[in-house]
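Here are a few friendly notes to read with the model open beside you. Take the points one at a time and find each place as you go.

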Amino acid sequence: MVLGSPYQKRTFEIFRLIIFGLLLVCSAWWLARIAADWRWEHHPVHALVEGLGSFAAITAACLILILHRFKAVPPSYTWVVAALAGMGILDGFHAALHAGPLFVWLHSTAEFVGGLLFLGILIPAHLPLASSAKVPLVTTLGCLLLGICSMVFPDSLPAMQRGGQFSGTAQLLNVTGGVSFLVAAIAFAWNVSLDNGNRRLFASHCLLFGVSGIIFEQSQLWDGAWWLWHGMRFLAYGCVFGLVMQRLYQMQVDLAGSHESMQSAVAERSEQLQEIIAESQRNEAMYRKLAEEYEGRSTEMERMQLATLNIAEDANDERERADNTSTELREVNAELDQFAYVASHDLKAPLRAIENLALWIHEDANDVLPDESKRHLETLQQRIIRMRALLDDLLAYSRAGRKRGTYGSFETREITHNVVELIGPPVNIDVVVSDSLPMIESFPVPFELVMRNLVSNAVKHMGRDEGKIEISSEEEKSYIAFSVSDDGPGIPADCRERVFEMFQTLNPRDEIEGTGMGLAIVRKVIDAEGGKIMVEDSESGGARFTFWWPRVSRRERAENES
Amino acid sequence: MSREVTILLIDDDNIDAEAIERALRKHKIANPVVHARNGIEGLEVLRKPDGVRKPRLILLDLNMPRMNGLEFLEVLRDDPELRQEIVFVLTTSNLDEDRLAAYDSCVAGYVLKDRVGSNFTDLLAMIDSFWRVVEFPV
């Protein structure tokens, strides 16, 4: 049989209870019939049964109270405790008595009180009365009082027996109690808040009491039915006692188990702790090692820092040396400036004086001078002029490349045209400037200086009044190659390097007035701009000067020098 | 010359001084010329009463011993009595620095000795035109 829902299950249990109860009632009825005349009057056995039952009930009540302290029972425990305690007390009084009216009275009241108190579990849980802790105490005191009063005033009790049969009052008390027990049994069977074992047990307990209350009506003192329901009651008490004992044992087992698990947990924990300690020791060792390593590292770092400092110091020294070098260079430049100044002033001033004096001699005494002296005086004046030119060009050379103008893009074609115009070559010398001369990014002054010197050189050294000068350009990767070609006498191959040196001329100075500084100045300027210059034969047998000028000039030099 | 302008020549070169005097003589110009050999002498003669009669004009060389031309100009422009003097620099120095420094001190002109022709004839012609055309402070 498969039972699906809890509802079906409980219905089945109630059905079983009813069957069981009916069986008991029938067996009692049957016993009464077949052994109607059987009597076994034995007070000690009865006292033992009732006493043990009473003891079991009171003990169970106490144990449930104890269990309650561990929250091992449902909230309605108060009524169960009250019922057990009340029944236990009254049955205790009952067990101590000899058969008589008081004897029956106490038993009946025990049944009645127990049944009614068990009905207390029906009180809805939300009412305070359902779980009031005072109920067991009040019941206990009330039952004690009832028992004592019954003992003290036995005469004022209602009649319990009438002609060998139990009286109506006794039967009413017992049947009412029994019916209450039966209702309580069904309530227990229906109760969802109890686990299966408890529910079944309390249901059985109440059923036994209920049936014993019903059977009471059929029984007489000491007969078979009488002993039957006594046995049932004893069994019921035993059930509850056993249950409670089992619960206590279970609790103890649980406690032991929890103790054990606690111990094992403690052991586990301490093991973990050991492990943690071990690990922390390992960690500590590691940290110590790390710290040592770190210390080593930091020493290394310090060494490295020291090395860095040393390097920095070295670098500083190096920079100082470089500074010194550049300072020296600046000093040299300054000296050169000073020299240029001396050349321009200190050397030229006496030269001017000499020139004046020669002039005055010429003016004042030319008539009286012998012819030879006159010629000497003329030569003297010519050399004075050349000397001044040399000094001027020396000054120009020393200052060449110093003045650069403003960096920027400019048309080389335009500058070249201006240069040609400024020089003003003789009408028969044709100067052709190619249209291909590009725009470059550079300083205009050095470029103009180079172009002016080359063009004026070409004009000066043409050797005749007519000729052709061509200025062209060719674009290379990062340079522009500018060429100035003429159809003049040209430069012999063995002199081509020498023309760029200072004070070098090809012709005697008396024939072509020149200091030999022009090309030296040109090369100096081109070198400074990062270009180069060379000379070769032109197609027409003249000279072709080609200089490479950077497409984009370095501007740092100017910034450094400025 | 309609007005008697005194020329103060401050130059350590005696030949240049002689050249100027010679040129004046040659042009039959009778303007008085005072010659000082350096800046200090120039200041002395300027500060002396009747040292250099006004109206006057200074021809100043730059490179001189003791006190050079630029130092002389500095003192001159700081002196409330002398700051209005008309000064022409007459020098052989073609340095940009000198030129700029001279014009910073408010000179009337910067003249290169090389450019004024032999015997300073162009210079004297310029001075002649100058004092006839330009109004003087005094």
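This is a predicted model: local features need pLDDT of at least 70, side-chain atom pairs count only at pLDDT 80 or more; totals for chains, interfaces and linings use all residues.

1. Start with A:Ile471, whose bridge partner in strand E7 of chain A is A:Val484. Strand E6 (residues 467-475) and strand E7 (residues 479-486) of chain A pair in the antiparallel sense, over seven bridges. Three residues lie between E6(A) and E7(A), and the two strands form a hairpin.

2. E6(A) also pairs with strand E4 (residues 429-433) of chain A; these two run parallel and are joined by five bridges. To find the place, look for A:Asp430, which has A:Lys468 in E6(A) as its bridge partner.

3. Now for two helices of chain A. How far apart are the axes of H4 (residues 101-118) and H6 (residues 168-190)? They are 7 Å apart, and the helices pack at an angle of about 30 degrees. Angles under 35 degrees count as roughly parallel, so that is why H4(A) and H6(A) are described this way. The crossing is left-handed. Among the residues that meet here are A:Phe112 and A:Gly115 from H4(A), and A:Gly177 and A:Phe181 from H6(A).

4. Finally, turn to helix H2 (residues 39-47) of chain B, where the buried residues are B:Gly39, B:Gly42 and B:Leu46. Seen down the axis of H2(B), these fall within an arc of 60 degrees, so they line one face of the helix. An α-helix has 3.6 residues a turn, so residues three or four places apart point the same way. The buried residues of H2(B) pack against strands E1 (6-10) and E2 (33-36) and helix H3 (69-78) of chain B. On the other side of H2(B), B:Glu44 and B:Arg47 are exposed.

How values were computed. Residues are numbered from 1 along each chain as its sequence is written. Chains are lettered from A and ligands numbered from 1 in the order in which they are written. A residue is buried if 20 or more other C-beta atoms lie within 10 Å of its own, exposed if 12 or fewer, and partly exposed in between; C-beta atoms are placed from the backbone. Helices (H or I, at least four residues) and strands (E, at least two) are DSSP runs, numbered from the N terminus. The arc is that of the directions from the helix axis to the C-beta atoms. Two residues are in contact if their C-beta atoms, placed from the backbone, lie within 7 Å. Two strands pair if DSSP finds at least two bridges between them. Axes are lines fitted to C-alpha atoms, for helices over the stretch in contact, and angles run from 0 to 180 degrees between N-to-C directions. Angles under 35 degrees count as roughly parallel, over 145 as roughly antiparallel, 65 to 115 as roughly perpendicular and the rest as oblique. A crossing is left-handed if the near helix is turned anticlockwise from the far one by less than a right angle, and right-handed if clockwise.
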